[in-house]
Amino acid sequence: MTTGRLSLVEVRKVFTTLGSRTFLIVVASLGAVIAVAVGFLGDDQQVNAAAVLTVLGLMFTIAMPVVGVLIFTSDWQHREIGSIFLAQPRRSRSFVAKLIASLLVTALLLAAAAGIASVLSVGVGVLLQRPLIWTGLDEAVPQLLAGSFVGVLAGAALGAALQNAIGAISLCFLQTLLIDPLLGFVPAGVGPYLMTGSITSFVTGAGALVPFVTAGLLWLAAPLAIGLVRHRLGEVS
Amino acid sequence: MAGLSKSYGHTRVLNEVSFGVPAGSITGLLGPNGAGKTTLLRLMVGLGRPDLGEALFDGQRYVDLAEPTSVVGCLLDASAHHPGRSVSETVVLHARYIGLSARRAVGELVDVGLGPVLKRRFGALSLGMRQRVGLAIALLGRPTHLLLDEPMNGLDVETAAWVRDRIVSFARQEGGCVLISSHLLQELQSFADRIVVISQGQLAFEGGIEQTRNERSCIVLAPDTAGLLTALNAAGVGFAPPGPDGRVAVRASSATVGGLAHRHGLLIEELVPGDARALESFYMAITKGEFSPESGVPHGAN
């Protein structure tokens with residue numbers, strides 16, 4: 001069985017399972033509302049699609065870790081992992097497939113979000129008779145991409161390590177909304193070496209290499225390694 | 001299976017268990033709760049790691065098989081699927097995992113009688129329907145071996161009969177090899193060829209089902225029950241009190257009872273050699289009531 005085939009099955013599961021599908025519908029609906037709201041409430045002379053993408057990027061930074069967590073924890077939580085290991089006893093492959101699926105789902109969602117945001121921005125522009133402009137795309141797009149992909153990987157890593165959806169999602173939110181901001185107050189400039197924001201900053205070209213490496217080891221590499229070991233050696237009850 | 005051993009902490013769950021399952025046969029895996037049956041089945045297919053020993057399918061470990069699901073089909077936990085997914089999607093996903101088409105998956109579901117509930121959420125299915133879904137998944141890869149853990153627990157009579165018939169057809173007509181754990185001894189006695197008994201983590205018995213039968217007993221039904229009991233008493237033949245249907249379990253061969261009835265001019269409506277509860281008696285003797293309430297040993301988790 002190829003890892004590619006397994007990855008496609010994992011992607012399919014995200015869209016056909018009630019919980020993750022509901023989550024994606026909520027994210028898409030919020031994205032649409034945001035796009036319309038930014039169009040109506042923004043500059044009264046024009047509609048800026050880049051501004052819509054910037055706000056969507058913020059939402060994706062918070063939402064994508066949840067997708068990563070769900071991809072890595074759902075099978076363990078519902079004891080379906082046994083059936084997967086029966087179909088693919090080489091467990092590392094299913095782990096890699098989940099990782100690839102996390103990235104594929106993110107790419108699909110980003111494409112969908114960009115499409116929806118563009119259509120709605122055009123629609124709002126026509127409705128309000130304002131011109132559509134794209135100023136600031138060079139900043140908005142990298143931020144959206146980096147926030148989404150780093151977010152989904154961080155969620156996948158924590159989900160893999162904890163194998164518990166509630167615990168991993170809680171930790172993701174804590175990390176994004178509380179731990180990262182608090183680390184900014186750590187004296188002697190230590191904070192950036194531990195913040196996930198350092199990973200995103202480096203990817204968008206705004207951050208330094210060393211904090212990217214240390215934060216990447218802490219929030220991505222270490223939990224992924226723990227998750228891989230647990231995935232390979234875990235006994236299915 | 002050769003010398004399979006497994007411990008959890010200081011508790012030895014399985015101790016050098018070895019036995020074989022011939023092709024074209026149905027082997028019942030018996031043992032009290034906590035004897036290690038489920039652990040044994042999971043170790044066989046790589047869901048746990050044995051401390052010692054290995055289980056081989058056609059000479060290979062499960063984890064080394066190129067296409068494992070085309071060799072071994074497993075039904076180990078019928079409820080272990082996402083409750084929020086539809087029945088058809090549950091099986092289609094498993095078909096995709098092993099490179100089969102959605103059409104094949106749906107066909108398998110229709111074959112196991114789940115055509116009318118394809119769109120229903122898995123979490124909304126009854127236990128019997130979940131067992132059918134599990135069996136459909138186990139049979140998807142057209143395997144030559146089946147491992148089934150308590151597949152008939154909690155099933156209604158109709159579904160249990162359907163599962164039994166499917167297993168029998170898999171072994172007898174398709175030449176498959178079945179290892180099935182069950183607590184339903186009389187059910188198992190009706191279709192298993194061989195039994196393996198695990199007791200306290202060790203192999204307590206391995207052999208043909210015929211070895212468990214007591215040929216020196218029979219069940220008798222006579223219109224004149226009182227006359228039959230009088231004749232048996234007069235001949236000094238032991239028997240159990242008649243059941244509500246009038247049948248009497250007699251501790252003598254059917255030939256002996258037939259001769260006795262002939263001498264006393266008794267009409268016999270039914271004379272069945274062997275004891276319908278022979279496997280249960282045999283099992284109780286082998287396990288010596290392990291984990292029974294009287295033994296004082298607490299129940300273990302399986």
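Tutor: What follows takes the sheets of chain B, then a helix pair of that chain, then chain A.

This is a predicted model, in which local features need pLDDT of at least 70 and side-chain atom pairs count only at pLDDT 80 or more, while totals for chains, interfaces and linings use all residues; side-chain values use heavy atoms, with hydrogens and water left out. Residues are numbered from 1 along each chain as its sequence is written, and chains are lettered from A and ligands numbered from 1 in the order in which they are written.

One open sheet of chain B has six strands in the order β7-β8-β9-β3-β10-β11, with mixed pairing. Helices (H or I, at least four residues) and strands (E, at least two) are DSSP runs, numbered from the N terminus, and two strands pair if DSSP finds at least two bridges between them. The edges are β7 (72–75) and β11 (202–208) of chain B; each has a single partner strand, so one side of each is left without a neighbour in the sheet. From one strand to the next, the twist averages 15°. Angles here run from 0 to 180 degrees between N-to-C directions, and axes are lines fitted to C-alpha atoms, for helices over the stretch in contact.

Cys74(B) has Leu147(B) in β8(B) as its bridge partner.

Two helices lie across this sheet. Helix α1 (residues 37–44) of chain B lies across β3 (26–30), β8, β9 (177–181) and β10 (194–199) of chain B, and runs at about 145° to β8(B). Helix α5 (residues 157–172) of chain B lies across β3, β8 and β9 of chain B, at about 150° to β9(B). Contact means heavy atoms within 4.5 Å.

Another open sheet of chain B has three strands in the order β13-β12-β14, and its pairing is antiparallel. Its edge strands are β13 (248–250) and β14 (270–273) of chain B, each of which pairs on one side only. With direction ignored, neighbouring strands of this sheet are turned by 20° against each other on average. Strand β12 (residues 218–221) of chain B pairs with β13(B) in the antiparallel sense over three bridges, and Cys218(B) has Val250(B) in β13(B) as its bridge partner. Helix α8 (residues 254–264) of chain B lies across β12, β13 and β14 of chain B, running at about 155° to β14(B).

Chain B also holds a packed helix pair. Helix α2 (residues 87–97) of chain B and helix α3 (residues 102–111) of chain B cross at roughly 130°, and their axes come within 8 Å. α2(B) and α3(B) are therefore oblique to each other; angles under 35 degrees count as roughly parallel, over 145 as roughly antiparallel, 65 to 115 as roughly perpendicular and the rest as oblique. The crossing of α2(B) and α3(B) is right-handed, that is, the near helix is turned clockwise from the far one by less than a right angle, anticlockwise being left-handed. On the α2(B) side the residues are Val87(B), Ser88(B), Val91(B), Val92(B), Ala95(B) and Arg96(B), and they meet Ala102(B), Ala105(B), Val106(B) and Leu109(B) in α3(B). This contact of α2(B) with α3(B) has eight nonpolar, one polar and one charged residues. Ala, Val, Leu, Ile, Met, Phe, Trp, Tyr, Cys and Pro count as nonpolar, Asp, Glu, Lys and Arg as charged, and the others, Gly among them, as polar.

For context, chain A comes to nine helices and two strands. Helix α6 (residues 137–162) of chain A packs against helix α7 (residues 165–183) of chain A at an angle of about 140°, with the axes 9 Å apart. That makes α6(A) oblique to α7(A), and α6(A) passes α7(A) in a right-handed crossing. Gly155(A), Leu158(A), Gly159(A) and Leu162(A) of α6(A) make the contact with Gly167(A), Ala168(A), Leu171(A) and Cys172(A) of α7(A). By class, the residues of the contact of α6(A) with α7(A) are five nonpolar, three polar and no charged.
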